[in-house]
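Dear colleague,

I am passing on the structure you asked about, and below it I have written out what was found. Please read the notes with the structure open beside them.

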Amino acid sequence: MTDYLDAVTAMLGETQNRYADPSAWDRLDAQLGVQLPCDYRALVDAYAPIELNGHLHLSHPATERWNLGHWIRDTVRAWSEAPWDDLDADEDPRLLLGLRELSFGAREGLWPIASTDQGQSSSPLGLTPHGSSSRTEKAAGHSTT
């Protein structure tokens with residue numbers, strides 16, 4: 001584990017690993033065509049499904065009710081259908097992340113990995129097909145409502 005993942009585990013307490021299932025991640029990787037970051041997978045396996053601090057929601061690919069794969073696909077579809085051209089500069093993810101255009105659920109696009117009770121989602125950038133992140137991960141809040 002990385003130092004920050006150790007710190008998160010220390011803060012959240014003993015890991016549950018209730019739904020840890022490598023085959024669930026393999027199925028999700030195959031469905032999405034990308035592999036989510038290893039540290040994220042470890043955190044999800046350790047605790048999800050869970051709501052952290054009353055705000056942050058983590059889903060898991062091995063659960064039916066809080067299925068990460070279903071949530072990712074639904075969120076990618078909603079993001080793809082949302083009008084992004086009329087946003088204020090402080091809300092535009094292109095400006096916040098230094099992107100020329102937005103792409104969701106694509107090889108170098110944004111992938112939702114967590115959500116909040118206020119309609120925001122977090123997304124790592126630069127995922128590679130069935131590999132690790134190709135550049136530093138960045139988190140960004142995007143309203144999906």
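Which residues in α1 meet which residues in α3? Before the answer, please keep in mind that this is a predicted model, and that every value below was computed from it.

From α1, the residues that take part are Tyr4, Leu5, Val8, Thr9 and Leu12, and they meet Asp39, Ala42, Leu43 and Tyr47 of α3. Sorted by class, the residues of this contact are 7 nonpolar, 1 polar and 1 charged.

Two packed helices are described by the angle between their axes and the distance between the axes. For α1 (residues 3-12) and α3 (residues 38-47), the axes come within 11 Å and cross at roughly 15°. Angles under 35 degrees count as roughly parallel, and the helices α1 and α3 are therefore described as roughly parallel to each other. The crossing in which α1 passes α3 is right-handed.

A second pair of helices can be described in the same terms. The axes of α2 (residues 22-32) and α4 come within 10 Å and cross at roughly 20°, so α2 and α4 are roughly parallel to each other. Here too the handedness was assigned, and α2 passes α4 in a right-handed crossing. On the α2 side the contact is made by Trp25, Leu28, Gln31 and Leu32, which meet Leu68, Gly69, Ile72 and Arg73 in α4. This contact has 5 nonpolar, 2 polar and 1 charged residues.

For the chain as a whole, there are 5 helices and 4 strands, and along the sequence they follow the pattern α-α-α-β-β-α-α-β-β. The chain has 145 residues, of which 40% count as buried. Among the contacts with a separation of 6 or more, 53% are between residues 24 or more positions apart.

Asp92 lies in the loop between α4 (68-81) and α5 (93-97), whereas Arg94 has its place in helix α5. With a relative accessible area of 8%, Asp92 is buried, because the cut-off for that word is under 20%. Arg94, at 16% relative accessibility, also counts as buried. The side chain of Asp92 reaches the backbone nitrogen of Arg94 at 2.9 Å, while a polar atom of the side chain of Arg94 lies 2.5 Å from the backbone oxygen of Trp84. Not counting residues up to four places away in sequence, Arg94 touches Trp84, Asp85, Leu99, Arg100, Glu101 and Leu102. As for Leu102 and Asp92, which are 10 residues apart along the chain, their C-alpha atoms are separated by 9.9 Å.

Is Ser115 buried or exposed? Ser115, which is found in strand β3 (residues 114-116), has a relative accessible area of 16% and is buried. Leaving aside neighbours within four places in sequence, the residues in contact with Ser115 are His55, Leu56, His57, Trp71, Gln120 and Ser121.

Most residues other than glycine have a negative phi, and most peptide bonds are trans. Against that background, a cis peptide bond joins Ala48 and Pro49, with omega at about 0°, and Pro49 is found in the loop between α3 and β1 (50-52). Asn17, although not a glycine, has a positive phi of about 50°; Asn17 lies in the loop between α1 and α2, and with a relative accessible area of 40% this residue is partly exposed. Asn53 is likewise not a glycine and has a positive phi of about 55°. The place of Asn53 is the loop between β1 and β2 (56-58), and at 72% relative accessibility Asn53 counts as exposed, because the cut-off for that word is over 50%.

With kind regards

How values were computed: Residues are numbered from 1 along each chain as its sequence is written. This is a predicted model: local features need pLDDT of at least 70, side-chain atom pairs count only at pLDDT 80 or more; totals for chains, interfaces and linings use all residues. Side-chain values use heavy atoms; hydrogens and water are left out. Helices (H or I, at least four residues) and strands (E, at least two) are DSSP runs, numbered from the N terminus. Buried means under 20% relative accessible area, exposed over 50%, partly exposed in between (1.4 Å probe, protein chains only). A polar contact is a pair of N or O atoms within 3.5 Å; within protein, one must be able to donate a hydrogen and the other to accept it, and residues adjacent in sequence count only if both atoms are side-chain atoms. Contact means heavy atoms within 4.5 Å. Axes are lines fitted to C-alpha atoms, for helices over the stretch in contact, and angles run from 0 to 180 degrees between N-to-C directions. Angles under 35 degrees count as roughly parallel, over 145 as roughly antiparallel, 65 to 115 as roughly perpendicular and the rest as oblique. A crossing is left-handed if the near helix is turned anticlockwise from the far one by less than a right angle, and right-handed if clockwise. Ala, Val, Leu, Ile, Met, Phe, Trp, Tyr, Cys and Pro count as nonpolar, Asp, Glu, Lys and Arg as charged, and the others, Gly among them, as polar.
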